[in-house]
Amino acid sequence: MKKNIASIFVMGLAMGSLMIINSCGSKTEENTSAPSTEESTELGGQSAVKDDDSQQDIVKVASGSKDHTTLVAAIKAAEYVDVLSNAGPFTVFAPTNDAFNKLPEGTVETLVKPENKDKLRDILEYHVAVAVYKTDMFKDGQIINMANLGNVKISIKNGEIFINETAKIIGTVPSSNGIIHVIDNVLLEKK
Amino acid sequence: MTTIHMKIYHLITATAVPLLLLALTGCAPKNPTQAITGDAAEKVYVAPGKHDAYYNFVSGGFSGQVSVYGIPSGRLFRVIPVFSQDPQTGWGYSEESKPMLNTSHGFTPWDDSHHIALSTTNGEHDGKWVFINGNNTPRIARISLKTFRTEEIIEIPNASGNHSSPFLTENSEYAVAGTRFSFPLDYAGETVDVPINSYKKNFKGTVSFVSINKESGNMAVAFQLLLPGINFDLSRGGRGPSKDWFFFSCYNTELANTLLEVNASQKDKDFIMAVNWKKAEQYIAAGKGKKLNVNYAHNVYSDETHTSTSTMLKEVLALDPIELKDIVYFMPCPKSPHGCDVDPSGKYIVGSGKLAALIPVFSFDKMIAAIAAKNFEGEFEGIPVLKYESVLHGEVKKPGLGPLHTEFDGKGFAYTSMFVSSEIVKWNIENLTVVDRVPTYYSIGHLSIPGGPTAKPHGQYVIAYNKITKDRYLPTGPELTQSAQIYDISGEKMKLLLDFPTIGEPHYAEAIPAKLVEPNSTKFFKIEDNKHPYVTKSEKDAKVVRQGNQVHVYMTCIRSHFVPDNIEGIKMGDVLYFHITNLEQDWDVPHGFAIKGANNAELLIMPGETATLKWSPDRVGVSAMYCTDFCSALHQEMQGYIRVSPAGSSTPLKWGTGETPEAGLAAEVK
């Protein structure tokens, strides 16, 4: 079972990457109209560090997955690319595109709008814990506090791990700054 | 990592890297971005020969030292040796400085120095001393701002991991120390041999109040509080209305003893601990302190004798706040708080839950009212816990991820470093709204505003001390330079001005106006005041004295010779002590001393100072010695020889300068 997921995940990488290249047309704004007497230099964050040699971080791994284009788009819309490129360590529950598709129609499109950035960040932070939880560290009934301060509950049924009873871990990928657990449903916090 | 995970990972790296590279580098993120404008250079440019406006005292982290930079130029002036041996100055190698590194563990030549505390009077910088903690083998050091030298180091008993230190009370009455690592305390004697998993029962923490003499600066462990086995992280003294209180951030209230990465992050809230140290003083005065048997070192360096002493102390006074209920209170604080900072007015205490996406701000007035009303949610290990809502001024919502430390500009704004989201966030203390944010490169830890932790901040700049530099400088192999960044905060928006590299790993730092320090700086030591037991105050007093196999060389140096510079009659098995006095009485003319085969280091001897290098010859022959600090046009001529003869040989003891021993050297030199 796990092997199948793995191969699907990997097969998606090349295409996913191509899509990202194509989506790179938008130009940077602001600060380009500095007075002519002043030289202006635009700086990128940690995600812009050129490093082809190190193990890939969470953003790079997720960006390489065809099954996570929605998540990656959301991370970009929330301006969280640099955050998740940081030292971490993070545990990210990464919903697949199919998981996002299960949300009511229009939900994602609404969330990625600039005016909903804070709400989107809150949802993304509910998928991120600042610690590395390897699969064998999950226990039935375990409560994990997430980056937005909300809690998720782990349950284990027949050897399968569920988050908040609804989202199942269907694959796990280590990264340089943490670990990604691929899940089949988006986590929605009950507030 | 399981096999399947490994496979997945390898496949991903093998197939995806080339394309991902294109994808990510071709698409530099739009945020965070910041323009560096052309006037940045102008704002940090200090013309040749001109002085910086501020001194910046920066902890060296794992270097164990303190470095001194100029702000705004970012120029490094000096690395002050503190807890680590420093071969370039002879610190910890010279006979005079060795006792400074003595502890109950013996000679302890390294530590991890994290936090700077500049002495204050009425909550404002007074320019007298720099205090710095030793984290690993718990110690506090005091550095003189006249000589920029470490004058005193005191070990902290019943302590492990002295992290929440050496922060000060408003008038520098006390420096504090706290246990980051709880453990079976020293005074428990033989019962400290316990299973690690008996943590909850046997592991305890302490915080210590170390008194500081107003005139001499001399330190003493005045009293300790015996506390539950949680981790004390950072601390700040109150000021103004809260001046009698001290605040400590606490984590691991889960009392975990393994995999704290996960096990100490379970609870929604840990604590800020409030300590009424005035009340503790009253209990001590009333004889409530218990004497505990311990063993700790107190080391003091004297500018008069140019030597240091190490004294072992055997007793400490302790108070039990579980018994004496009105000294210590806990305020719940979200998610493993790290920074614990008090605003200039002393009215607000800022907790920074490092895993939280909010910054709670506590009100001192509300805390006092809640204590009076006994507004407790219960007790933790016998200590009352106040209700969160009853002590809360408010929360800064969604400031960023990983808030660590907060400094203040004196204009009503707080600046909090965000490790995970790699930024400084500026917010309004009264209404708790975020007004500006600026990225740091990368992953900021501490930050410093000149006077930022005092009652009267100077504002103007905030300096970020970053944990990661990656591509910011020319690479130097796997180990890269550490880095600081200066931002202009004189306007509404923070503006990045300059990156500058730092020594060790900078943790906390403080900046102080140069005018408070510069006029007091010692230029040289007066030779007539030199009370070193082996001082040689003139060349005619130079001599070599044999005491059994110990040979004491009373040596002088001045441009450009040593007296004596030829010595004979030394034998294998002798131990030599070169007591070298620098006779110069002129600014910036140190001399150095090195001898071939020395197994320790060189000496750097300041004008008017005496320093001693121990040397045990290991072979028969003639060894050269020379001055290592370029002192004059004839520096290269400043040298000498020592003849070492076989053990039992009859070579007579002779010394001098200007005539060779073979020519019938006189014992004295005119």
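Domain bounds, as the word is used here, come from an automatic or database domain assignment. On that basis, chain B of this predicted model has domain 1, covering residues 57-520, and domain 2, covering residues 527-663. The C-alpha centres of these two domains of chain B are 43 Å apart. Contact between them involves 11 residues of domain 1 of chain B and 16 residues of domain 2 of chain B. On the domain 1 side, the touching residues comprise 6 polar, 3 charged and 2 nonpolar ones.

Y442(B) belongs to the loop that runs between β29 (434-439) and β30 (444-448) of chain B. Another cis peptide bond leads from R559(B) to S560(B), and its omega is near 0 degrees. S560(B) sits in the loop between β36 (550-558) and β37 (561-563) of chain B.

Positive phi values mark two further loop residues. F148(B), although not a glycine, has a positive phi of about 55 degrees. The loop that holds F148(B) lies between β9 (139-144) and β10 (150-155) of chain B. F148(B) has 18 C-beta neighbours inside 10 Å and therefore counts as partly exposed. K398(B), also a residue other than glycine, has a positive phi near 45 degrees. This residue, K398(B), is placed in the loop between β25 (392-397) and β26 (403-408) of chain B. K398(B) counts as partly exposed because 16 C-beta neighbours lie inside 10 Å.

A further loop of chain B, between β39 (575-582) and β40 (591-595), contains V589(B). Is V589(B) buried or partly exposed? A residue is buried if 20 or more other C-beta atoms lie within 10 Å of its own, and exposed if 12 or fewer do. V589(B) has 17 other C-beta atoms within 10 Å, so it is partly exposed. When neighbours within four places in sequence are set aside, V589(B) is in contact with E584(B), P607(B) and C631(B). Of these contacts, P607(B) is 18 residues away from V589(B) in sequence, while the C-alpha atoms of the two are 6.3 Å apart in space.

Strand β2 of chain A, residues 90-95, is mostly covered, with 6 of its 6 residues buried. In a regular strand the side chains alternate between the two faces of the sheet. β2(A) pairs in the parallel sense with strand β8 (residues 178-183) of chain A, over 6 bridges. Within this pairing, T91(A) has I179(A) of β8(A) as its bridge partner. β2(A) is also joined to β3(A) by 2 bridges, and these strands run antiparallel. Here V92(A) has V128(A) of β3(A) as its bridge partner.

Strand β3 of chain A also has a part in covering a helix. In helix α6 of chain A (residues 117-125), the buried residues are L120(A), R121(A), I123(A), L124(A) and E125(A). An α-helix has 3.6 residues a turn, so residues three or four places apart point the same way. The cover over the buried residues of α6(A) includes α3 (69-77), α5 (107-111) and β3 (128-129) of chain A.

Terms used. Residues are numbered from 1 along each chain as its sequence is written. Chains are lettered from A and ligands numbered from 1 in the order in which they are written. This is a predicted model: local features need pLDDT of at least 70, side-chain atom pairs count only at pLDDT 80 or more; totals for chains, interfaces and linings use all residues. Helices (H or I, at least four residues) and strands (E, at least two) are DSSP runs, numbered from the N terminus. Two residues are in contact if their C-beta atoms, placed from the backbone, lie within 7 Å. Ala, Val, Leu, Ile, Met, Phe, Trp, Tyr, Cys and Pro count as nonpolar, Asp, Glu, Lys and Arg as charged, and the others, Gly among them, as polar. Two strands pair if DSSP finds at least two bridges between them.
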